[in-house]
Amino acid sequence: MTVRALPARLLGGGRRRDGAPADRGFVEAFLQRGFRELLVDAPSTLVAGAAGQPWRLAGGETADVVDLAGFRAFRRPGFVLMATSFELEAVSEGTRLTTETRVQPTDATAARAFRPYWWAIRVGSGLIRRDVLHAVRRRAESSVNPPE
């Protein structure tokens, strides 16, 4: 996430903080990056969404979708709608956390702009997702089995 934020910091003096410092929780940092809670069914489900232009060097514009109705109604050209879900499911060996992200361009121009960006970042995005899931697992397991 820090690498992703580097162009914005270099070009815009750090107007966006894409990292998740230790003094903030992951979800809080995620929401501070412009995502809005679209569906919350605590404690098992969180779906968050945003409208943005992530392919732009400095992060582009993020439009505030406000809530689920605003997300569904958003049609401004030149953006992609991004929705990410986090879901907890009870399984025989404990709890499974799954996450999924979907992206929908608002027009053909946004689709053309997003495609090369996605090809460039998809491996790193997958690594970040795995790292986050492993960190959640470590934290959950350490709270269940605290060190003696």
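Visitor: Which residues lie nearest the centre of the second largest pocket?
Guide: In this predicted model, V27, L46, F86, L88 and L97 lie nearest the centre of that pocket. The lining of the second largest pocket consists of 14 residues.

Visitor: How much space lies in it, in Å³?
Guide: The second largest pocket holds about 270 Å³ of space.

Visitor: How many of the lining residues are nonpolar, polar or charged?
Guide: Eleven residues of the lining are nonpolar, two are polar and one is charged.

Visitor: Let us step back. How many helices and strands are there in the protein?
Guide: The protein has four helices and five strands. Read from the N terminus, the order of the elements is α-α-β-β-β-α-β-β-α.

Visitor: What percentage of the residues count as buried?
Guide: Of the 148 residues, 29% count as buried. As for contacts with a separation of 6 or more, 50% are between residues 24 or more positions apart.

Visitor: Which residues form the largest nonpolar core?
Guide: That core has twelve residues: F30, F35, L46, A48, A50, W55, V80, M82, F86, A110, F114 and Y117. Strands β2 and β4 and helix α4 each give two or more residues to this core. Apart from this core lies another, of nine residues, including A51, F71, F79 and L81.

Visitor: Take A110, then. What is A110 in contact with, leaving aside neighbours within four places in sequence?
Guide: With those neighbours left aside, A110 is in contact with W55, G78, F79, V80 and P105.

Visitor: Now the rings. How many aromatic pairs does a search of the whole structure find?
Guide: The search finds three aromatic pairs. One of the ring pairs is that of F74 and F79, with centres 5.4 Å apart and planes at 80°.

Visitor: Why is the pair of F74 and F79 edge-to-face?
Guide: The angle of 80° between the planes of F74 and F79 decides the matter, because planes over 60 degrees apart count as edge-to-face.

Visitor: Is F74 buried or exposed?
Guide: F74 is buried, at 13% relative accessibility. F79 is buried as well, with a relative accessible area of 1%.

Visitor: What about F114 and Y117: how are their rings placed?
Guide: The ring centres of F114 and Y117 are 5.7 Å apart and the planes stand at 50°, so this pair is tilted. F114 and Y117 are three residues apart in helix α4, so about one helical turn separates them. Both F114 and Y117 are buried.

Visitor: Which residues do ring pairs link into a cluster?
Guide: The cluster is made of F114, Y117 and W118.

Visitor: New topic: the backbone. Where is there a cis peptide bond?
Guide: A cis peptide bond joins A42 and P43, with omega about 0°. P43 lies in the loop between β1 (36-41) and β2, and A42 is found in the loop between β1 and β2.

Visitor: Is A42 buried or exposed?
Guide: A42 is exposed, with a relative accessible area of 62%. Along the chain, A42 and E87 are 45 residues apart, and 9.7 Å separates their C-alpha atoms.

Visitor: Which residue has a positive phi although it is not a glycine?
Guide: V66 does, with a phi of about 70°. V66 sits in the loop between β3 (62-63) and α3 (68-73), and at 55% relative accessibility V66 counts as exposed.

Visitor: Last one: where does E37 lie?
Guide: E37 lies in strand β1 and is partly exposed, at 41% relative accessibility. Leaving aside neighbours within four places in sequence, E37 is in contact with L31, L46, V47, A48 and D67. E37 and L68 are 31 residues apart in sequence, and their C-alpha atoms are 7.6 Å apart in space.

How values were computed
Residues are numbered from 1 along each chain as its sequence is written. This is a predicted model: local features need pLDDT of at least 70, side-chain atom pairs count only at pLDDT 80 or more; totals for chains, interfaces and linings use all residues. Side-chain values use heavy atoms; hydrogens and water are left out. On a 1 Å grid over the protein atoms alone, a cavity is a set of points where a 1.4 Å probe fits but cannot get out, and a pocket is an open set with protein on both sides within 12 Å along at least five of seven lines; lining residues have an atom within 4 Å of a point. Grid points are joined across faces, edges and corners, and a volume is the space filled by probe spheres set on the points. Ala, Val, Leu, Ile, Met, Phe, Trp, Tyr, Cys and Pro count as nonpolar, Asp, Glu, Lys and Arg as charged, and the others, Gly among them, as polar. A nonpolar core is a set of buried Ala, Val, Leu, Ile, Met, Phe, Trp, Tyr and Cys residues joined through side-chain atoms within 4.5 Å. Buried means under 20% relative accessible area, exposed over 50%, partly exposed in between (1.4 Å probe, protein chains only). Contact means heavy atoms within 4.5 Å. Rings of Phe, Tyr and Trp (its six-membered ring) pair if their centres lie within 6.5 Å; planes under 30 degrees apart count as stacked, over 60 as edge-to-face and the rest as tilted.
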